[in-house]
4 protein chains.
Amino acid sequence: MNPSPAAAAVEPGASRDDLADRFAAVRSRTLALAAPLSAEDQCVQSMPEASPTKWHLAHTSWFFEAVVLGPHAKGYEPFEPRWNHLFNSYYESFGPRHPRPQRGLLTRPLLTSVHRYRAHVEAGVEHLIRTADDATWDAAQKLLELGVQHEQQHQELILTDVLHALSCNPLLPAYEPVDAPALRLAGSTPAMEWITGPGGPVRIGHPGEGFAFDNETPRHTTWLQPFRIADRLVTCGEYADFIADGGYRTASLWLSDGWATVQSQQWQAPIYWLAPGDPRAPSAQWQVFGLDGVRPLDPEAPVCHLSFYEAAAYAEWAGARLPTEAEWEAAYELTGMRQLTGHAWQWTRSSYDPYPGYHPWAGAVAEYNGKFMVGQMVLRGGSSATAPGHARRSYRNFFPPAARWQFSGLRLARDGAC
Amino acid sequence: MNPSPAAAAVEPGASRDDLADRFAAVRSRTLALAAPLSAEDQCVQSMPEASPTKWHLAHTSWFFEAVVLGPHAKGYEPFEPRWNHLFNSYYESFGPRHPRPQRGLLTRPLLTSVHRYRAHVEAGVEHLIRTADDATWDAAQKLLELGVQHEQQHQELILTDVLHALSCNPLLPAYEPVDAPALRLAGSTPAMEWITGPGGPVRIGHPGEGFAFDNETPRHTTWLQPFRIADRLVTCGEYADFIADGGYRTASLWLSDGWATVQSQQWQAPIYWLAPGDPRAPSAQWQVFGLDGVRPLDPEAPVCHLSFYEAAAYAEWAGARLPTEAEWEAAYELTGMRQLTGHAWQWTRSSYDPYPGYHPWAGAVAEYNGKFMVGQMVLRGGSSATAPGHARRSYRNFFPPAARWQFSGLRLARDGAC
Amino acid sequence: MNPSPAAAAVEPGASRDDLADRFAAVRSRTLALAAPLSAEDQCVQSMPEASPTKWHLAHTSWFFEAVVLGPHAKGYEPFEPRWNHLFNSYYESFGPRHPRPQRGLLTRPLLTSVHRYRAHVEAGVEHLIRTADDATWDAAQKLLELGVQHEQQHQELILTDVLHALSCNPLLPAYEPVDAPALRLAGSTPAMEWITGPGGPVRIGHPGEGFAFDNETPRHTTWLQPFRIADRLVTCGEYADFIADGGYRTASLWLSDGWATVQSQQWQAPIYWLAPGDPRAPSAQWQVFGLDGVRPLDPEAPVCHLSFYEAAAYAEWAGARLPTEAEWEAAYELTGMRQLTGHAWQWTRSSYDPYPGYHPWAGAVAEYNGKFMVGQMVLRGGSSATAPGHARRSYRNFFPPAARWQFSGLRLARDGAC
Amino acid sequence: MNPSPAAAAVEPGASRDDLADRFAAVRSRTLALAAPLSAEDQCVQSMPEASPTKWHLAHTSWFFEAVVLGPHAKGYEPFEPRWNHLFNSYYESFGPRHPRPQRGLLTRPLLTSVHRYRAHVEAGVEHLIRTADDATWDAAQKLLELGVQHEQQHQELILTDVLHALSCNPLLPAYEPVDAPALRLAGSTPAMEWITGPGGPVRIGHPGEGFAFDNETPRHTTWLQPFRIADRLVTCGEYADFIADGGYRTASLWLSDGWATVQSQQWQAPIYWLAPGDPRAPSAQWQVFGLDGVRPLDPEAPVCHLSFYEAAAYAEWAGARLPTEAEWEAAYELTGMRQLTGHAWQWTRSSYDPYPGYHPWAGAVAEYNGKFMVGQMVLRGGSSATAPGHARRSYRNFFPPAARWQFSGLRLARDGAC
């Protein structure tokens, strides 16, 4: 039997009011994330893999319209049927789509029209929540929950994509000047501690309470060899040592595809690092561009915005390796683990393959996760840009190994019998 | 002796007041052309060859700053020195530049900041006009005239580029709903008449009064064989006959590079034509997308937005050829010639080679025209999008033979001894 | 401790004579495989991923020279030091290399010179085997074994690459007219039987006797869920049903990257299938191009030359999935399994990740396998083109998911609790 | 009336015997040019613009078969009809063709088969010459002459293409070790002399006696301004001064497209020059790779294998310009002109546009020249690789401006009124 979102999608006992409140809060937070940006900032697409903020605003609304309101809300009138073509991301079952690399060309609809679209969809959803009969609610509730989770995912993408777009501007404008201290461990970075994980059978995957994506299921047994895992993330200072030691010039540290990318793309440091003397913001020191603009490199902050290739090369240089996703999940509750979430997604040494017994959700949302299960690597944890409360122990994030623009860092691991 | 803009740049007797008036009028017209567009519309770049409206607004200001104010206006303070890098188009002598294909990523400076930049430059120019001593004025005047002409060129580019950008949007939004009738001959299109041009020596090139670009000089003798030239442009209706007759499927009509482009780009009609049944604006008839949105094809209007390849293939199909630029210029004053300007630029069968004795202007503006004299074809005439008063008989416009997004059509010619 | 080839490289008790015999036999077989090909055939490279036969002949000799003779054979004189640059494949530690996509431009050295190179290296190896002192032999023996295994791998690549090259010729010439019957089950294809594999802990990886590559080690425990696996490979006839049912036009069957490839590459059938009416070899039936030329499709033969994307789409269409590599290895000794090897490599649903505890061999041969452990999928089994005796139960072959030119087919699997 | 090859194709009074003799001599010379090359050398294609020697051998035979024998030789049996597809170069009227970039994949037919093809065609042509009735001969004779001229053109291409292919091999093998001195002026290079050409009307184009290609016709009047032209070609020594003076690093010397190419292709010297220290053939001096292998740069030899961009940049650096093709043709008989032919093709400042009144030949050979008249520059003169007797004063060679692999150099010119 194929699972449906029903199987895992809802907190038991979640009331209509609860969901209505969370829906409203998430929708509102999305707009707040866009607020520091001008209409021009929200329209731009800096590479095919990234999307404009305005597109994210519209797509997350389209998702509710196509997946929830269309099938379940009687009498709902789509805001503008021609927009299906524009704001469908990758759902083949909903028909042809505007080419992804051309999302930045959509100066129309205007941002103000997209705001009206959002309000229209929100009214539709709120009406559905209030008025649906029980059978309808039973079917719609799980998809609504998925829509909320989906929008949280796009909240992080808004930040990753806008950071990339701003980084392409030689003026290096800040998303928002921020006074808050960068994320780091209190005080100075302590020495890295190795935590031991025992071997043998472990259970991984979503245990069944609360929402989870289909790719986290089914919960199943896997077998681990004994391992050790670092209690904290690798820092910028440690990564700077790797660079200073010639890390980007030493082929033997890199996977073959990674080394080819280093050479063809002329990588010399993480994507948002500015080397001393960079003409865009002259300084004698390394600096880092982020949402708060150009700042001096903080040697104690977790290194971020790495590709898998860079993470794996660093680990090799450090005489270690990346943890597998099963190790990471097993280590989640070991004593002494820090920075598990809220700092940076952590590349694992696991390809994004289906779990044994995995089946995609039924219906249109079958395309949500399963069709991407090739050519990508799993990241675990959650970053400073992840929506509050969104990630969890069993959460499987995934990106191609060359992707650098996510909030992605690393934690080291080693074989137990070292 | 190399000519300088001095040699040809100014109307004799043009007073400071005259130039100040024209400067103000041109600057104002540029903003008026941008006015129907939102900030988003003005930021987008739809292909490497096109530029955002906002960039045109800023670049034409940078040109005055770099070429006129910097060298000649004492005490002028640049608005923002870091913008030189952003808004220099192709002048190697002014240093490195933001990559052309990434102009659309410049969400900052904001449009409102570019408006302030324009005002700052305008104040500087007006101050220079009022206060320059005679020697300074003598040197600056010609460059100021060049800046005005340059901005007029970009006025047309604003329209060509925004039309292309809007055409990439499946919603096919109009630049501006327009009620004015499309450009055409009064009443119905008369039969094409052939006007005879005699052979022998003719003088072509700018005769020396008023402004001209360096590429129109020196005026010189060339020799023509007797020829015939059409009194009017080819119409959309005539071009539709070419399509219906299989023009885009008949290799023998095309130059080799043109046929390769037809196949690789899958050309089947002019770039802005919508075939019957196009899902973006369903209709049983051919339609044409333009600045005023989607309109039914007007069979009597001049065909526009053709590449040289398409123009040459049409002429071959029609048993004719394109005129050379010397024929076009010689025909300019023949009795009976119509639609010489104000409708569509007219592709000629002449490559954009230098005139005998040609020398670029001296100084930075040497890069204005000369360095592009390879790989391009000459267009003559002027289009409906050309700034009023900008073009003239000796004017040489030029684009690569595959370029389709300009306001470019064609006029037929034939050998005299046919 | 990092394993060295020593750990696993040699059959216990293999005498010098045994290895000398096997060396001679393998070298001789390589030449025999090339024998049906002209010097022109042996020089051509049809795509960057493929190599010319002549290059394979030289590279396998370079490998012995660089890895075995250089370090271990006193007094050995390289045949031509400048050829290191030409025939090093991907070993960064041996210095810069001729660009892979340009191997087909190496008309020199001539094939006859490469034959002399082979003889020179063979004399060197034979001399080493006869004369090495015991310490030298102890070190060299394992690398020599690796060289023999390496050459066997290239024997299969000679056939895959030459088949691709010949397929690019519209004349579709045969590598060698062959009268032998195609590989298939005796008589007609029996119905597919499902063999049940039990869940729980299993041991996979090389058990330690005889040669194995580093990527097969260490042997370790993994945990399986109960599964079922097909007793035989999918046939051409079954695959033809998939095509007839619109398999290549149904997005929902494909992984996202696979569907993008189908569309951009216009895949409509396996790479070497000729649709009815193909102008290269007109027929009313499906035909297949192979080493023996164009033959009518044999519906009972195993389907071959599929990409992972095609294999996975077929499995989805068939209501099944691909086995994981652990399932495949566990199923190897189940009763009733057929066509395990000698027919076609079998794509698994496992990404090519390192085994827990994996370490590459020490020294230059560390680059042999480990650096490719990203972006590839594992194949198991062995094909009709695999050198006799080369593959084994724990053997891990790997290719990118879009690769079609290998002798690669598929076997179906299903979850046990279906 | 369209001209046919009849109009210009034949020497008046050329007898059947004469043409038979010339046919045999040209065919024989082609094979002699290929003789130093192995079968592998003759199969390789080093870039899409170049063709394998074997392909040239076959294509020149196909041309006789398709253009002469097919239409005019009763009872002629094509050698192998399937080869039409392989060896048609670009004649759309003869049907679809093997893709040009894949000519190097044609390992079959074998070289020996192509030799048989040549013999078969030669027998057919010889039979036609001997046995054709007068009407047939009248029609065939002109096409036969064209076939001979066509094969001479391919003789030069064999040398240009094989030189490029050999240059891609890091071993830099010689086509043929040659002891003959390089082409140069006797003794040391004399100072360049400027020869004055008068202005006014001149007649250019083929005057009508003997063979000419359609693109040299019709002979017509053009008008020249007074000019000066160098009596000899630019030498390697002079070009080395340009390099030493930073020519490849000075944007202002280059056309815009040329400078973009210099940067994207990292040009630093002519394509076949080896800078001091080049690892392929270490030396402290500049060296040049040619058909006779690597030789020290001869400062007095004409510089060769330049692109138009490089020729134009050199001329700019030298305070001169390239001559137009009309100037070159007018200067042909001025007293004192040297190195007009037999050394290097000479880039002109003329785009390859049709002459006034130009019409392609009738029939299939209409595609011979006319369809390439866009995007190319004219070269005049003839090189050391041009077939003896092939070029003439009115001869128009043409290549794209970035093409470097031809035997192309330059001669300087200046305006007369300097």
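Trainee: What are the helix and strand percentages over residues 336-414 of chain A, and how far apart are the end C-alpha atoms?
Mentor: The model is a predicted one. The UniProt annotation "domain: Sulfatase-modifying factor enzyme-like", from an unreviewed entry, includes residues 336-414 of chain A. Over residues 336-414 of chain A, the chain is 0% helix and 23% strand, and the end C-alpha atoms are 16 Å apart.

Trainee: What are the corresponding values over residues 192-331 of chain A?
Mentor: The UniProt record, an unreviewed entry, places residues 192-331 of chain A under the annotation "domain: Sulfatase-modifying factor enzyme-like" as well. For residues 192-331 of chain A, the end C-alpha atoms are 15 Å apart, and the chain is 26% helix and 20% strand.

Trainee: Which three residues supply more than any other three of the area that chain B buries against chain A?
Mentor: Chain B and chain A each bring 32 residues to the contact. The area buried between chain B and chain A is about 2500 Å², with 58% given by carbon and sulfur atoms. Of the area that chain B buries against chain A, 31% is supplied by three residues, namely B:Glu40, B:Arg108 and B:Leu171.

Trainee: How far apart are the closest N and O atoms in the salt bridge of A:Glu40 with B:Lys54?
Mentor: Between chain B and chain A there are four salt bridges. A salt bridge requires a side-chain nitrogen of Lys or Arg within 4 Å of a carboxyl oxygen of Asp or Glu. For A:Glu40 and B:Lys54, the closest N and O atoms are 2.6 Å apart.

Trainee: Which element gives the largest share of the side of chain B that touches chain A?
Mentor: Across the interface of chain B and chain A, 10 residue pairs are in polar contact, both residues being at pLDDT 80 or more. On the side of chain B that touches chain A, α3 (39-43) and α5 (84-87) of chain B each supply at least two residues. By class, this side of chain B has 17 nonpolar, nine polar and six charged residues. The largest share, four residues, comes from α3(B).

Trainee: Which three residues supply more than any other three of the area that chain B buries against chain D?
Mentor: Here 31 residues of chain B contact 31 residues of chain D. The buried area is about 2300 Å², and carbon and sulfur atoms give 57% of this area. Of the area that chain B buries against chain D, 24% comes from B:Trp223, B:Arg349 and B:Val374.

Trainee: Which strand gives the most to the side of chain B that touches chain D?
Mentor: The interface of chain B and chain D has two salt bridges, and B:Asp353 forms a salt bridge with D:Arg349 at 3.7 Å, N to O. Elements that each supply at least two residues of this side of chain B are β3 (220-224), α9 (256-265), α10 (308-317) and β8 (345-351). The side of chain B that touches chain D has 15 nonpolar, 10 polar and six charged residues. With four residues, the most is given by β3(B).

Trainee: How many residues apart are C:Phe213 and C:Trp361, which form an aromatic pair?
Mentor: Over all chains the structure holds 154 aromatic pairs. C:Phe213 and C:Trp361 form a tilted pair, 6.2 Å centre to centre with 45° between the planes. C:Phe213 lies in the loop between β2 (200-204) and β3 (220-224) of chain C, and C:Trp361 in the loop between β8 (345-351) and β9 (377-380) of chain C. The pair links distant parts of the chain, 148 residues apart.

Terms used
Residues numbered from 1 in each chain as written. Chains lettered and ligands numbered in written order. Predicted model: local features only at pLDDT ≥ 70, side-chain atom pairs only at ≥ 80, totals over all residues. Heavy atoms only, no water. Contact = heavy atoms within 4.5 Å. Buried area = accessible area lost by both parts, 1.4 Å probe. Polar contact = N/O pair within 3.5 Å; in protein donor to acceptor, adjacent residues only side chain to side chain. Nonpolar A, V, L, I, M, F, W, Y, C, P; charged D, E, K, R; others polar. UniProt positions renumbered as here; feature names shortened; annotations may be inferred. Phe/Tyr/Trp six-rings, centres within 6.5 Å; stacked < 30°, edge-to-face > 60°.
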